[in-house]
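Dear colleague,

Please find below the model that I am handing over to you. I would be grateful if you could read the notes that follow alongside it.

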Amino acid sequence: MQLASKTYEADSISAVQELYHSSGWTDGLPIVPPTADAVEACLEWAMMPPDQLIGIEPVRGLAITAEKLAINAVMAGCLPMHFPVVVTAWMAMMQDEFLMHGATASTGGCAVLVVLNGPIRLELGANGTFNALGNSDRATAVIGRAVRLCLINLMDVRPGVIDRSTLGHPGKFSYCLAEDEEDSSWLPLAEQRGVPKGASSVTVMAAGAPRQLMNEWTTKPEEILETFAAEMRANLRHYSIHPGNYALIIPKQLREHLQAAGWTKTDIATFIHERARIHRREWAEVGKGAVVRDRGDSVYPAMESPDQLLVVAAGGPAGGFGAVIPPWLGNKSHAVTLPIGVCVDCEPPKK
Amino acid sequence: MTFRVLDPTPEKAPPAGRLAPRLDTLQGKTIGFISNGKEGTKGFFLHLDRILREEYGVARVVSRTKSNYSAPADKHIVDEIKGWDAVVSGLGD
C-alpha cells in the first residue's frame with residue numbers, strides 16, 4: 001500500500017506530541033502517533049485504497065480521501081474496526097443538506113452529534129447505557145474525537161480560523177452515542193429514518209449541547225413528555241426560534257413508563273410537535289422584546305413536522321433523567337442517516 | 001526509538017481566490033451589497049450606501065440578502081453580480 005502523506009520523524013513519544021501540538025494538528029489532548037502501519041491497518045479493514053475519494057466538501061470544494069481520514073482516526077485513538085464508522089459519518093456530513101461548512105464555521109458553536117445503530121454497536125462495544133452522553137466507552141469516545149480531528153485538520157476548522165464559535169461546547173471533543181436497542185421495544189432511530197432493519201448505520205446532526213432534565217414524580221407519558229417539551233420551549237425562548245431536528249435522549253426509567261403505556265416513537269413525536277411551540281411574544285419575557293415587533297401572536301413550533309424529532313433510547317438504568325439536544329440553527333442543517341459499508345459506489349441517498 | 005508519523009492535513013493549500021481588478025473610480029458605478037442576513041448588516045449597509053452615493057458619486061447601489069446566512073449566496077444573487085461593477089459582501093456578526 002502506497003501512502004501519499006508527508007512523513008515526519010520524531011525521536012520520542014514526547015517529540016511526537018510536541019510536533020502535532022505545535023503544528024496545530026490536535027484538539028489539545030495527546031494523540032496516538034499515526035504511523036504508516038496503523039493507518040494502513042485502518043484502510044485494509046475498510047478495504048479502501050489510500051487515494052479513495054470519500055467525498056468533496058460542498059462549499060469549499062475540498063477533496064476528502066480515505067488516507068487522510070485514516071490518519072486522523074488513528075490520532076483520535078481509533079482501531080481499524082472503528083474506521084468504517086468514521087468514514088460513514090463523514091460521508092453523511094458531506095451531504096448538501098447537512099451544510100457542514102456552515103455548521104462547523106458558525107458562531108453558534110454546535111458540534112457534530114453521531115448516533116450509532118445496528119450490530120456495529122455490539123461489535124465495537126459501544127455502550128448506550130451508563131453515561132451515554134459522556135465517556136461511556138472507548139468506541140464512541142474515539143469515533144466522536146476522530147470526526148472532530150478530521151474537521152480540524154482537513155477543513156481548517158480550528159478555533160478562530162474556520163471555526164468561529166463564540167462558545168462551542170464540550171461535545172466538540174467527542175459527541176457520539178449508541179442507541180440502547182437491546183433494552184427498548186422501540187424502533188431504532190435509523191430504522192425510523194428508513195434504514196433497513198439489521199443494518200448498521202450512522203446518524204449525524206449539527207447539535208447544541210445536551211439540556212438535561214428530570215421528572216421522576218410521574219408515570220404518565222403526557223407528564224413525562226411535557227418536561228421534554230418544556231425544555232424545548234426554553235430553547236426556543238432562550239436560544240433560537242428556528243424549527244428543525246431536535247433529539248430526545250430517553251433513558252430506561254422514563255422509557256419504561258412510556259413503553260408500558262404503549263407509546264411509540266411516532267406517538268412521542270406527535271405529542272412533542274404539538275407541545276413544543278411558543279408564541280413570539282414570549283421573547284419579551286426573556287429580554288428579547290426588541291424582536292417581537294408586531295408579530296407577538298405568531299406561533300413557532302420546535303419542529304416543522306413530527307418526523308424532525310430524533311428519539312434515541314439511551315442512558316443508564318436508574319434515574320428519571322432525559323436530555324433534549326437542540327439543533328445548531330433549525331433547518332439550516334438537516335440530520336443525515338447513512339448505512340455503514342453497504343457499497344462503494346452507491347447512488348446518492350434519496351431525499 | 002524513532003517514530004515515523006504522517007501529516008494529517010491535506011498538505012496542498014486550497015485554491016486561492018484572485019482579487020478582481022480594482023476600479024479606477026467609483027463615480028457612476030453600480031455597487032452590489034450582499035448581506036448574510038444578520039441584524040448587524042442593516043445599519044452598516046444603509047450607512048455605506050449613503051456614503052458611496054453622496055461622497056463617492058456611485059450611481060446605483062443594489063442590496064441583496066442571502067436566504068441562509070450560513071450557506072453560499074443563492075444562485076440568483078451570484079448571477080446578478082456580473083451586472084455590477086463591484087460587490088461588497090458583509091457579515092453581520
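The notes below go from the contact between the chains to single residues.

This is a predicted model, in which local features need pLDDT of at least 70 and side-chain atom pairs count only at pLDDT 80 or more, while totals for chains, interfaces and linings use all residues. Residues are numbered from 1 along each chain as its sequence is written, and chains are lettered from A and ligands numbered from 1 in the order in which they are written.

**Contact between the chains**

Between the two chains, 30 residues of chain A are in contact with 16 residues of chain B; contact means that the C-beta atoms of two residues, placed from the backbone, lie within 7 Å. On the chain A side, strand 1 (7-10), helix 2 (36-46), helix 3 and helix 7 each supply at least two residues. Helices (H or I, at least four residues) and strands (E, at least two) are DSSP runs, numbered from the N terminus. The side of chain A that touches chain B has 16 nonpolar, eight polar and six charged residues. In this classification Ala, Val, Leu, Ile, Met, Phe, Trp, Tyr, Cys and Pro count as nonpolar, Asp, Glu, Lys and Arg as charged, and the others, Gly among them, as polar.

Strand 1 of chain A also runs antiparallel to strand 1 (residues 3-6) of chain B, joined to it by four bridges. Pairing requires that DSSP finds at least two bridges between two strands. Within this pair, A:Ala10 stands opposite B:Phe3.

**Helix 3 of chain A**

Helix 3 of chain A is largely enclosed by the rest of the structure, because 11 of its 11 residues are buried. Buried means that 20 or more other C-beta atoms lie within 10 Å of the residue's own, exposed that 12 or fewer do, and partly exposed in between, with C-beta atoms placed from the backbone. The cover over these residues includes helix 2, strand 2 (53-56), strand 3 (63-65), helix 4 (83-93) and helix 7 of chain A, together with strand 1 of chain B. Just after the helix, A:Gly77 takes a positive phi of about 105°.

The axes of helix 3 (residues 66-76) and helix 7 (residues 138-155) of chain A come within 8 Å and cross at roughly 130°. Helix 3 of chain A is therefore oblique to helix 7 of chain A; angles under 35 degrees count as roughly parallel, over 145 as roughly antiparallel, 65 to 115 as roughly perpendicular and the rest as oblique. Axes are lines fitted to C-alpha atoms, for helices over the stretch in contact, and angles run from 0 to 180 degrees between N-to-C directions. Residues making this contact include A:Leu69 and A:Ala73 of helix 3 of chain A, and A:Ala146 and A:Leu149 of helix 7 of chain A. By class, the contact between helix 3 and helix 7 of chain A has nine nonpolar, two polar and two charged residues.

**Sheets and strands**

Chain B holds an open sheet of three strands in the order 3-2-4, with parallel pairing. Its edge strands, each pairing on one side only, are strand 3 (60-65) and strand 4 (86-90). Neighbouring strands of this sheet are turned by 20° against each other on average, direction ignored. Strand 2 (residues 30-35) and strand 4 of chain B pair over five bridges in the parallel sense, and B:Phe33 stands opposite B:Val88 of strand 4.

In chain A, strand 6 (residues 201-207) and strand 13 pair in the antiparallel sense over four bridges, with A:Val202 opposite A:Leu338. From strand 13 (residues 336-339), A:Val336 and A:Leu338 point one way and A:Thr337 and A:Pro339 the other, and all are buried.

**Loop residues of chain A**

Most residues other than glycine have a negative phi. A:Met47, in the loop between helix 2 and strand 2 of chain A, has a positive phi near 55°. A:Met47 counts as exposed, because it has 11 C-beta neighbours inside 10 Å. A:Leu99 also has a positive phi, of about 55°, and lies in the loop between helix 4 and helix 5 (100-105) of chain A. With 25 C-beta neighbours inside 10 Å, A:Leu99 counts as buried.

A:Ala132 is found in the loop between helix 6 (120-124) and helix 7 of chain A, and counts as buried with 24 C-beta neighbours inside 10 Å. The C-alpha atoms of A:Ala132 and A:Leu177 are separated by 6.0 Å, although the two residues are 45 apart along the chain.

With kind regards
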